[in-house]
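Q: Please take me through this model feature by feature. Give me the general idea for each, then the case at hand.

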Amino acid sequence: MTMAHERWMTEALRLAEQAREEGEVPVGALVVLGDRVVGTGYNRRESLNDPTAHAEMLAITSAAATLESWRLEHCTLYVTLEPCAMCAGAIVLARLPELVFGAFDPKAGACGSVLDVVGEARLNHRLEPIGGVLAEDCGRILTGFFAARREAAKLRKGRIDLAGEDV
């Protein structure tokens, strides 16, 4: 693992924190060209009411706009969580040559955990992702977010049960 990967993943973690602060699942992503960030994104499904508003999708769209090209052939995508099938498909379609992610996703990861979309030999583009960069930090923000969400749900349920109605 290179220092550059850790540097950019730290930036992606800052974006994940921004998502968490907005009540979104804390995933952050950025697209880097050379030593320059050309696109950023963090989960915004709730705020945009858009099932496609994943961090990766927004970062790819941002980078394509910045570079005025859908071909991101010389860029690297950094994301705090292993991409899902939709995002992995977008990575392939954008011709990204390098993907670096933090935490593995054993439930929906499509870069080797559940599926391997980015490595599928039948597609016209494939890549070998680098997973596990700052994985503990990336996983911690997600587990903390979901633990807080479960606790809040328990508290709401407790108030309903105690009062006999929703408060």
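A: Start with the term helix: a DSSP run of H or I with at least four residues, numbered from the N terminus. One caution applies throughout: the model is predicted.

Q: Is Glu-68 buried or exposed?
A: The cut-offs come in here: buried is under 20% relative accessible area, exposed is over 50%, and partly exposed is in between. Glu-68 has a relative accessible area of 73%, so it counts as exposed.

Q: Which residues of helix 3 are buried?
A: Ala-55, Glu-56, Ala-59, Ile-60 and Ala-63 are the buried ones. Look down the axis: these residues fall within an arc of 125°, so they line one face of helix 3. The face turned away from that side carries the exposed residues Thr-61 and Ala-65.

Q: What covers the buried residues of helix 3?
A: The cover includes strand 1, strand 2, strand 3 and helix 4.

Q: Which residues are buried in helix 1?
A: His-5, Trp-8, Met-9, Ala-12, Leu-13, Leu-15, Ala-16 and Ala-19 are buried. They cover an arc of only 165° around the axis, so they sit on the same side of helix 1. Met-3, Arg-14 and Glu-21 are exposed on the face turned away from the buried side.

Q: Which elements do the buried residues of helix 4 pack against?
A: They pack against helix 3, strand 3 and strand 4. The buried residues of helix 4 are Cys-87, Ala-88, Ala-90, Ile-91 and Val-92.

Q: Next, the core. Which members of the largest nonpolar core touch the most other members?
A: The general idea: in soluble globular proteins, nonpolar side chains tend to be buried together. Here the largest nonpolar core has 46 residues, and Met-9, Ile-60, Leu-77, Ile-91, Leu-96 and Leu-99 touch the most other members. Elements giving two or more residues to this core include helix 1, strand 1, strand 2 and helix 5. Helix 1 gives the largest share, seven residues.

Q: What is Met-9 in contact with, beyond four places in sequence?
A: Its contacts include Tyr-78, Val-79, Phe-101, Leu-134 and Cys-138.

Q: Where does Cys-138 lie?
A: Cys-138 lies in helix 5. Its relative accessible area is 1%, so Cys-138 is buried. Beyond its neighbours up to four places away, Cys-138 touches Met-9, Leu-13, Thr-80, Gly-102, Ala-103 and Val-133.

Q: Is Asp-137 buried or partly exposed?
A: Asp-137 also lies in helix 5. It has a relative accessible area of 33%, so Asp-137 is partly exposed. Asp-137 and Ala-152 are 15 residues apart in sequence and 23 Å apart in space, C-alpha to C-alpha.

Q: Last, pockets. What is the volume of the largest pocket?
A: The general idea: rolling a probe the size of a water molecule over the atoms shows where empty space is left. The largest pocket has a volume of about 500 Å³. Of its 20 lining residues, Val-25, Leu-81, Asp-105, Leu-142 and Phe-146 are the closest to its centre.

Q: Which helix gives the most to that lining?
A: Helix 5 does, with five residues.

Key. Residues numbered from 1 in each chain as written. Predicted model: local features only at pLDDT ≥ 70, side-chain atom pairs only at ≥ 80, totals over all residues. Heavy atoms only, no water. Buried < 20%, exposed > 50% of the residue type's maximum accessible area, 1.4 Å probe, protein only. Contact = heavy atoms within 4.5 Å. Core = buried A, V, L, I, M, F, W, Y, C linked by side-chain atoms within 4.5 Å. Arc of directions from axis to C-beta. 1 Å grid on protein atoms, 1.4 Å probe; cavity = no way out; pocket = protein on both sides within 12 Å on 5 of 7 lines; lining within 4 Å. Points joined across faces, edges and corners; volume = space filled by probe spheres on them.
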